[in-house]
Amino acid sequence: MFEADAKALIERYLAAFNASDSDAMLACLHDDVAHDINQGGREIGKEKFRWFNAEMSRHYEERLTDIAIMVGEGGVRAAAEFTVHGKYLSTADGLPPANGQSYTLPAGIFFEIDDGLISRVTTYYNLTDWTAQVSKAD
């Protein structure tokens with residue numbers, strides 16, 4: 001895959017995220033996509049990714065800004081750095097109580113691309129920073 005094609009794929013994926021369009025996100029992924037959850041485990045497959053997206057949508061409303069996409073030579077690996085602007089909508093297991101708190105934090109995703117589709121999504125953000133922000137009284 002050419003670098004420009006890889007960048008366009010990542011742009012489509014992130015635009016779908018910002019549009020809350022899970023189906024469009026899934027269309028960018030391999031059937032056996034590896035999803036490395038921030039400070040968590042690895043899940044394999046589009047159906048698990050679909051379930052994860054549904055859970056995230058239930059608990060959070062997020063939009064990404066200041067997006068910078070970097071693509072490695074050959075277009076096999078890419079990364080995106082951005083700022084997450086979010087609202088914590090409903091309490092997630094093991095996390096502080098939700099009452100619509102807003103948060104803003106830097107984050108990134110690392111991608112692998114195979115046969116024109118994303119085969120790995122590894123997300124990172126500072127969970128301690130997020131927890132501190134949502135634990136403050138709004």
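How many nonpolar, polar and charged residues are in the lining of the largest pocket? By class, 23 are nonpolar, ten polar and nine charged; here Ala, Val, Leu, Ile, Met, Phe, Trp, Tyr, Cys and Pro count as nonpolar, Asp, Glu, Lys and Arg as charged, and the others, Gly among them, as polar.

Keep in mind that this is a predicted model, where local features need pLDDT of at least 70 and side-chain atom pairs pLDDT 80 or more, while totals for chains, interfaces and linings use all residues. Residues are numbered from 1 along each chain as its sequence is written, and side-chain values use heavy atoms, with hydrogens and water left out.

Back to the pocket. Its space comes to about 1,100 Å³. Of its 42 lining residues, Phe52, Glu55, Met56, Tyr60 and Tyr125 are the closest to the centre. A pocket here is an open set of points on a 1 Å grid where a 1.4 Å probe fits, with protein on both sides within 12 Å along at least five of seven lines, and lining residues have an atom within 4 Å of a point. Grid points are joined across faces, edges and corners, and the volume is the space filled by probe spheres set on them. Helix α3 (residues 46–59) gives the largest share of the lining, eleven residues; helices are DSSP runs of H or I with at least four residues, strands runs of E with at least two, numbered from the N terminus.

Now for the largest nonpolar core: 31 residues, with Ile10, Tyr13, Phe111, Ile118 and Val121 making the most contacts inside it. Such a core joins buried Ala, Val, Leu, Ile, Met, Phe, Trp, Tyr and Cys residues through side-chain atoms within 4.5 Å, buried being under 20% relative accessible area with a 1.4 Å probe, protein chains only.

Conventions:
Buried < 20%, exposed > 50% of the residue type's maximum accessible area, 1.4 Å probe, protein only.
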